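Subject: Structure handover

Hello,

Here is the structure for you to look through. Please open it beside this email and follow along.

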Amino acid sequence: MESKTNNDDFNKQIHLRPLKAEDFEAIIAMQKQCFPHMTPWTYNEFFSQIVTFPQGQIGVEYGGQLIGSSSSLIVEFDEYGNKHTYDEIAAEGYIDNHDSEGDTLYGIEVMVHPDYQGMRIGRRLYEARKELTRQLNLKRIIIGGRMPNYKNYKDRLTIYEYVDEVFKKNIYDPILTFQLSNGFTIKRILPDYLPEDQLSQGYAILLEWMNLHYQPKRPYRMLPSLPVRICVIQYQMRRITSFDEFAELCEYFVDVASGYKSDFAVFPEIFTLQLLSSLPDARPAKAVRRLAEFTPQYLDLFYSLSVKYNINIIGGSHFAFEDDNLYNIAYLFKRDGTIEKQYKLHITPNERHWWGVQPGKHFNVFDTDKGKISIQICYDVEFPELSRIAAEKGANILFVPFCTDERQGYLRVRYCAQARAIENQMYAALAGNVGNLPFVENIDINYAQSGIYTPSDFGFSRDGVAGECSPNTETVVVADVDLEVLKRHRKRGTVLNLQDRRLDLYQIVDKNPQ
């Protein structure tokens, strides 16, 4: 809220001072006169202002009477940016978001008693703000200025046309004209800044005054951050008696991941083979066909868990029949209730021989509420072309559900995933099975050390490991990866793998895109 106001005797008797709690009644009376259609502050709001930032609450006194005031706080302006509301910036009047380490003095109110307007009281208050900005070595003053005269032009001019006419001095606005004459420059128009300000139709004009004396206080600047929390589940294969028991175990881990406020929970490859332990023994090729009968229950389970626990789930992978062909499919269950899937594209000799698994035909990159991701099932990550295609399509995180029976097989998956993270400047999250299923043929033993891996450069975790499970133990690992750090790394890293590719010599093409 911003409003404003020659005589030697008057100038001699006027003085500026900090506002005090005893000024509350006078402040409210003046607010009601200056802003009759707007809600005045409560005592708690006013008291919070003078306690939180006393230097920023300034009064003008004449003959023992308070005739003007200004209120402000300090903020780190980049945290709010060019789109915000009055309530956001003023913390609904309490200014408990005041940041003494911030770089900007933000003015939330200036007012002058109507009987004293036209006597340069407003100019005195603005000069006091500028001096405070210099004393505190702040970078700027920002204000959300009202435009009370817009009410007379709203039917003829858009707000943009109105501001342009005021700037050209074709129209006089008591607030905006005054602020422009005090050295403020127009930054942008803020819609819905203060909805109850009907004279300005809820609009405000974002204005800035730069402190030419400003000296940066610190050798760094605030950098944006976009963290994504991943929970990798190192799942123990154990004998179970029913699908309900399997569902209970899965929900337990989803609950754990959600409890840590994870954005993604990742289960291992073909961990649903555990369900075979509840069925009569059968040859592997026949057994997986019986396993595929659980597909509707599996899909219903993870769909409901993703929505119930508000988390994106990579549901490991599961054998499913489509058109009489058996596929190894990783399903992505998004927390908005949608389901997507990635077929395993490279089939190991073991899968082909024992189960008759067929390769998928399409490679996908998925949009999520935490950016683009790729899912590569175990053996697929050992083919670098896929990750390069994923990176070119904008993927930032590579999820690798895997199932390996001994250390050599595990290390192939792990080393290749870390290589893909370095080559494509992306994150990689691996989830594997542990434990034994002695009564299920061809899935009797497992070896895993699941983890979350990063590029190898400054700004990332040491050794490129954001988090890692203990080997061969049922547990989870939770880690945050930052997409903004990744973005900066791709532009200014020690090496720039994506930028430095020799596309004049080689190129990778997805021959069968969806």
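Let's start with a question: is Asp263 buried or exposed? Asp263 counts as buried, because its relative accessibility is 10%. Buried means under 20% relative accessible area, exposed means over 50%, and partly exposed lies in between (1.4 Å probe, protein chains only).

Before we go on, some ground rules. This is a predicted model, where local features need pLDDT of at least 70, side-chain atom pairs count only at pLDDT 80 or more, and totals for chains, interfaces and linings use all residues. Residues are numbered from 1 along each chain as its sequence is written, and side-chain values use heavy atoms, with hydrogens and water left out.

Salt bridges

The structure holds 25 salt bridges. A salt bridge is a side-chain nitrogen of Lys or Arg within 4 Å of a carboxyl oxygen of Asp or Glu.

Asp263 is in one of them. Its side chain meets that of Arg335, at 2.9 Å from N to O. Arg335 lies in the loop between β12 (325-333) and β13 (339-343), and Asp263 lies in the loop between α8 (243-259) and β9 (264-266), so the pair ties together parts that are 72 residues apart in sequence.

Next, look at Lys344 and Glu269. Their side chains form a salt bridge at 2.9 Å, N to O. Lys344 sits in the loop between β13 and α11 (349-354), and Glu269 in the loop between β9 and α9 (284-291), so this pair ties together parts that are 75 residues apart in sequence. Lys344 is buried, at 2% relative accessibility. Glu269 is buried as well, at 2%.

Now take Lys154 and Asp155. Their side chains meet in a salt bridge of 3.6 Å, N to O. Lys154 is partly exposed, at 35% relative accessibility. Asp155 is exposed, at 70%.

There is also a network. Salt bridges link Asp103, Arg140, Lys187 and Glu208.

A buried arginine

Which residues does the side chain of Arg420 contact? It reaches the backbone oxygen of Val381 at 2.8 Å. It also makes a polar contact with the side chain of Glu423, at 2.8 Å. A polar contact is a pair of N or O atoms within 3.5 Å; within protein, one must be able to donate a hydrogen and the other to accept it, and residues adjacent in sequence count only if both atoms are side-chain atoms. Find Arg420 in helix α13 (residues 407-423). Arg420 is buried, at 6% relative accessibility.

Surface patches

Patches are made of residues with over 30% relative accessible area and no salt bridge; like charges are joined within 9 Å, and nonpolar side chains (Val, Leu, Ile, Met, Phe, Trp, Tyr) within 5 Å. Accessible areas come from the Shrake-Rupley method with a 1.4 Å probe, and for residues only the protein chains shown count as cover.

Which residues make the nonpolar patch of about 280 Å²? They are Tyr43, Phe47 and Val51. Val51 belongs to helix α3 (residues 43-52). Val51 is exposed, at 51% relative accessibility.

A patch of negative charge is also on the surface. Asp87, Glu88, Glu92 and Glu196 gather there. Asp and Glu count as negative and Lys and Arg as positive, while His and the chain ends are not counted. The place of a charge is taken as NZ of Lys, CZ of Arg, CG of Asp or CD of Glu. Glu88 is in helix α4 (residues 86-90). Glu88 is partly exposed, with a relative accessible area of 45%.

Positive phi angles

Gln201 is not a glycine, yet its phi is positive, near 55°. Gln201 is in the loop between β6 (185-190) and β7 (204-210). Gln201 is partly exposed, at 33% relative accessibility.

Asp463 is not a glycine either, and its phi is positive at about 65°. Look for Asp463 in the loop between β18 (451-453) and β19 (465-468). Asp463 is exposed, with a relative accessible area of 59%.

The last stop

Leu505 lies in the segment after α14 (483-492). Leu505 is exposed, at 59% relative accessibility. How far is Leu505 from Tyr415 in space? The two are 26 Å apart, C-alpha to C-alpha, and 90 residues apart in sequence.

Best wishes

Notes
Helix = DSSP H or I, 4+ residues; strand = E, 2+ residues; numbered from the N terminus.
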